[in-house]
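Please look over the structure shown below before reading on.

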Amino acid sequence: MTSKNILTLTTNISTIDTNKEFYIYLNSENISSLYTITFELKFNPNIMEILYIEPGECLKNDEIEFGGNYKNIDNNTKIIKFFETFVGINSSKNIEGKCELIKIKAKLLRECKIPLQIINTNDELFIGSPNIRTIMVDNLLNKIDFENTISYIQTKEFNSDDNIKIFISDVYKNTFSRMPEEYGFNYWYNKLISYEYSVRNFILNILNEKEFIDKNLSNQEFITSMYSIIANRKPDQTGYNYWLNMLMSYQNKMDPKTAKSQIILRICNEAELSERANKLNLDF
């Protein structure tokens with residue numbers, strides 16, 4: 001029976017102080033005839049700083065070619081790409097136990113919990129959580145398959161985890177009258193904790209879902225739902241009247257769907273949502 005190829009990420013410490021150096025290791029197990037590995041890490045440079053990258057401990061005595069480069073996508077996204085290729089007489093390596101392939105020195109720049117997902121793909125589309133896209137090739141130039149995995153790194157003072165999960169579930173319940181499915185929950189959880197999406201952008205995306213739009217709520221139901229989704233409470237009478245009158249005023253000037261969209265944009269800028277984001281240690 002052939003052992004399954006495994007790639008994992010570990011750190012030298014379990015919880016990390018902000019602005020203190022730590023190490024991330026890419027480890028492998030049970031890899032046959034490894035010839036080259038390409039590794040791409042997508043990260044937010046405002047959250048994590050990469051100080052340097054070097055070959056892992058178990059490759060220190062091997063003859064390899066090693067190189068890489070950075071690519072800036074936007075102010076919140078950077079991709080670092082690097083590779084290791086065996087050269088010389090022994091142009092491949094058989095790995096039977098645990099082997100440290102790559103060592104990354106980094107810092108976390110603010111309180112956070114970051115998902116790092118190893119993706120087994122060469123797809124040019126590189127989206128989702130902060131991802132690690134890895135391709136391994138053997139000495140016959142065949143792709144070496146492995147299972148996708150996800151791990152998390154976090155700072156010592158990040159303690160909003162359970163509250164963030166409750167927040168996402170509450171938004172789903174108040175928006176769709178149901179609990180989130182596993183994929184949707186994990187998607188938004190990873191987006192929020194990695195600061196790839198703000199709380200406001202999360203709410204705006206949820207309220208733009210066809211499932212919510214198709215509920216075709218009356219004006220009264222719509223305003224009440226905005227309070228439950230954004231503030232997680234019933235409306236006070238003064239606030240309810242204010243937003244209902246504004247909605248009807250918009251409807252005199254534009255179609256109902258656009259009028260409701262205008263209310264959503266305005267109410268998502270309210271201080272109450274900003275306060276919820278601050279309590280969760282998330283971006284507003």
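Helix α1 passes helix α3 in a right-handed crossing, where right-handed means that the near helix is turned clockwise from the far one by less than a right angle, and left-handed that it is turned anticlockwise. This is a predicted model, in which local features need pLDDT of at least 70 and side-chain atom pairs count only at pLDDT 80 or more, while totals for chains, interfaces and linings use all residues. Residues are numbered from 1 along each chain as its sequence is written, and side-chain values use heavy atoms, with hydrogens and water left out.

**Helix α1 and helix α3**

- Helix α1 covers residues 161-176 and helix α3 residues 199-207, and the two pack at an angle of about 30° with their axes 11 Å apart; helices here are DSSP runs of H or I with at least four residues, strands are runs of E with at least two, and both are numbered from the N terminus.
- The axes are lines fitted to C-alpha atoms over the stretch in contact, and the angles run from 0 to 180 degrees between N-to-C directions.
- Because of that angle, α1 and α3 are roughly parallel to each other (under 35 degrees; over 145 is roughly antiparallel, 65 to 115 roughly perpendicular and the rest oblique).
- On the α1 side the contact (heavy atoms within 4.5 Å) is made by F167, I168, V171, Y172, T175 and F176, and on the α3 side by V199, F202, I203, I206 and L207.
- By class, this contact of α1 with α3 has 10 nonpolar residues, one polar and no charged, where Ala, Val, Leu, Ile, Met, Phe, Trp, Tyr, Cys and Pro count as nonpolar, Asp, Glu, Lys and Arg as charged, and the others, Gly among them, as polar.

**Helix α1 and helix α2**

- Helix α2, residues 182-193, packs with α1 at an angle of about 130°, and their axes are 10 Å apart.
- The two helices α1 and α2 are therefore oblique to each other, and their crossing is right-handed.
- From α1 the contact takes in D161, I164, K165, F167, I168, S169 and Y172, and from α2 it takes in G184, F185, W188, Y189, L192 and I193.
- The residues of the contact of α1 with α2 comprise nine nonpolar, two polar and two charged.

**Aromatic rings**

- The structure holds 12 aromatic pairs, in which rings of Phe, Tyr and Trp (its six-membered ring) have centres within 6.5 Å, and planes under 30 degrees apart count as stacked, over 60 as edge-to-face and the rest as tilted.
- Y23 and Y25 form a stacked pair, 6.3 Å centre to centre with 15° between the planes, and both Y23 and Y25 are buried (under 20% relative accessible area; exposed is over 50% and partly exposed in between, with a 1.4 Å probe and protein chains only).
- Y242 and W243 form an edge-to-face pair, 5.1 Å centre to centre with 85° between the planes; Y242 is partly exposed at 44% relative accessibility, whereas W243 is buried at 5%.
- One aromatic cluster is formed by F167, Y183, Y187, W188, Y197 and F202.

**Positive phi angles**

- L141, although not a glycine, has a positive phi of about 65°; L141 is found in the loop between β9 (131-138) and β10 (143-144) and is exposed, with a relative accessible area of 63%.
- N281 has a positive phi near 60°, lies in the segment after α8 (271-279) and is partly exposed at 26% relative accessible area.

**Residue E49**

- E49 is placed in strand β4, residues 48-55, and is partly exposed at 32% relative accessibility.
- Not counting residues up to four places away in sequence, E49 touches K105, A106, K107 and L109.
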